[in-house]
Amino acid sequence: MVKIQHCKQCGRKIFFDGICVACQTENERERILAMPKEELAAAVQSICREIMETGDLEEHWGLFKNLLGYRDIDTTELAKAAFQKGLFYPSELYKDAPDDITAKMLEMVMEDGTDPMLAGKLLLCLAVHGGEDVFQAFLELERHPRKWREKLYANPSVHATYGGWSYDKDGNYLETNFKECYPMVKGTLEEKKKSPVKIGVKTGETCPSCGCALVNLMEIDGSDPRLSFLGISGTAKAKCCPDCLIYSDSTFCRYEVNGESRYFPGEGCSMAEDGPEDQWVEELASNCYVLGKDPVPPRYAADWEGGSSVGGFGF
Ligand SMILES: [Zn+2]
Ligand SMILES: [Zn+2]
């Protein structure tokens, strides 16, 4: 039997000796946020070196993702190294690619004979880079697909969303991500009461289908100046039954900006017994995450273990 142990840092139950994944992530984030400029530059250099020596990014993969997420590093040198070695993954390497490199990549995707796999990767890299030239090229490729398109599942407009933008049928540019980003950080239950964003709040109502407690998965008060970018002129609450949510794909919540919201249970969810759900609701409601004071880079919470943010890139 697996022995239950406790994280040496936060005390939560884990099944190995040491500290839990959440604490490991937090420690690494703290380390990177505190990194002085010279150390940051040296870290970027070590990633560059790996790409130049191996033509790949494996050993420093996590470091790259973290430097990008937490410090939004300039990727110019990384893009140069990656392009030289024909490495087009992860696409974020090309965020700050210089013009001559993006021009060459655009030339490559314009060719009929480009390998479809490569074309797909190039589209993602170009999407992350963005800019007018890329936008115009994507429109052209969408309207006049090249040969490689037959082997890809999605149009360039879908690839574009990887960089936080896209366009409609008429070719109008659209932003699909908020540029602003605020993290959810640990506070106290007292602070949570005042936070304009709350995760997991009990409503006092019960689900008409299964009797489980209804919770607001998220409450957002759009009147907070930090959240003006969301364009919510009131409070929005996303109410759900945490039990039914898992079993039904037609559960809806209608919210009104006066702060009220109504829950509409879907079909096919009538789990009647009281189960571990109540315990789960308690656990969810007792979290004390609050909206961070200061904005962070857009990819701050983009990674699987990166926590949560309002705005920016999701995982
Ligand atoms: Zn822990
Ligand atoms: Zn329910």
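**Exercise 1. Classify Glu150 as buried or exposed, and find its salt-bridge partner.**

Step 1. Take the cut-offs: buried is under 20% relative accessible area, exposed over 50%, partly exposed in between (1.4 Å probe, protein chains only).
Step 2. Glu150 counts as exposed because its relative accessibility is 62%.
Step 3. A salt bridge needs a side-chain nitrogen of Lys or Arg within 4 Å of a carboxyl oxygen of Asp or Glu. Glu150 forms one with Lys147, the closest N and O atoms being 3.3 Å apart.

The model is predicted: local features need pLDDT of at least 70, side-chain atom pairs count only at pLDDT 80 or more, and totals for chains, interfaces and linings use all residues. Residues are numbered from 1 along each chain as its sequence is written, chains are lettered from A and ligands numbered from 1 in the order in which they are written, and side-chain values use heavy atoms, with hydrogens and water left out.

**Exercise 2. Which parts of the chain does the pair Glu282 and Lys202 link?**

Step 1. The two side chains, Glu282 and Lys202, meet in a salt bridge at 2.8 Å, N to O.
Step 2. Glu282 sits in helix H11 (residues 277-285) and Lys202 in strand S6 (residues 197-206); the pair links distant parts of the chain, 80 residues apart. Helices (H or I, at least four residues) and strands (E, at least two) are DSSP runs, numbered from the N terminus.
Step 3. Glu282 has a relative accessible area of 43%, so it is partly exposed. Lys202 is partly exposed too, because its value is 42%.
Step 4. The structure holds 14 salt bridges. One of them joins Asp17 to Lys8, with the closest N and O atoms 2.3 Å apart. Asp17 and Lys8 are both exposed.

**Exercise 3. Describe the site of the zinc ion (ligand 1).**

Step 1. Collect donors: N, O and S atoms within 2.8 Å of the metal (3.2 Å for Na, K and Ca); water is not among the atoms, so sites may look incomplete.
Step 2. The protein donors are the SG atoms of Cys7, Cys10, Cys20 and Cys23, 2.2 to 2.3 Å from the ion. Their spacing along the chain is C-x2-C-x9-C-x2-C.
Step 3. Four donors count as tetrahedral if all angles lie between 85 and 135 degrees. The angles here run from 105 to 114 degrees, and the site is tetrahedral.
Step 4. Cys20 counts as buried because its relative accessibility is 3%. Cys23 is buried as well.

**Exercise 4. Where is Phe15 found, and is it buried or exposed?**

Step 1. Phe15 lies in the loop between strand S2 (13-14) and helix H1 (21-33).
Step 2. Its relative accessible area is 52%, so Phe15 is exposed.

Methods. Four donors count as tetrahedral if all angles lie between 85 and 135 degrees; four count as square planar and six as octahedral if opposite donors are over 155 degrees apart and all others between 65 and 115; anything else is irregular.
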